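The sequence and the model come first.

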Amino acid sequence: MRQALAQAGACLQWGDVPIGAVVARGDEVLGQAGNQRQRLQDPTAHAEMLALRQAAAACGQWRLEGCTLYVTLEPCAMCAGAVVLSRLDRVVYGAPDPKAGFVGSLGDLVRDPRLNHRARVTDGVLAEESSRLLWEFFRARR
């Protein structure tokens, strides 16, 4: 999770919302990224999506069974859907996102029993640090 926080901090260099993600299998990091929506002018360039793409490339397949996604903010509906589609085993996130989170806040896509895959979830890991980064980013813009 500390690596995800480092990725989030890097986003400040290009003016993007500081959210970071890391995909790991055990101790091996397969993908890591920070948000790059502004930098790439791509609405899908969320940290999770970029890290998942890197991890799939590193594994040589789209199924990421046995992997964990570490992310500083609760994933949105798009990213939660990507967790299900990539067959990740687990999601660990820092701060909850009551306005857009889909891993428990607004909905719970990754544990929906109607879907063919469900991921385990651990929330609140380094939540204070994750929240502080976001709070400071938005405070500076107001």
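## Cysteines

Is Cys11 buried or exposed? Cys11 is buried, at a relative accessible area of 0%; buried means under 20% relative accessible area, exposed over 50% and partly exposed in between, with a 1.4 Å probe and protein chains only. This is a predicted model, in which local features need pLDDT of at least 70, side-chain atom pairs count only at pLDDT 80 or more, and totals for chains, interfaces and linings use all residues. Residues are numbered from 1 along each chain as its sequence is written, and side-chain values use heavy atoms, with hydrogens and water left out.

There are zero disulfides in the structure, a disulfide being a pair of cysteine sulfur atoms within 2.5 Å. For Cys11, the nearest cysteine sulfur is that of Cys79, 13 Å away. Cys76 is in no disulfide either, and the sulfur of Cys79 is 3.8 Å from its own. Cys76 counts as buried, at 17% relative accessibility.

## Helix α1

Helix α1 covers residues 2-10, and its buried residues are Ala4, Leu5, Ala8 and Ala10. Helices are DSSP runs (H or I, at least four residues), as are strands (E, at least two), numbered from the N terminus. The buried residues of α1 pack against β1 (20-25), β3 (68-73) and α5 (127-141).

Technical notes
Contact = heavy atoms within 4.5 Å.
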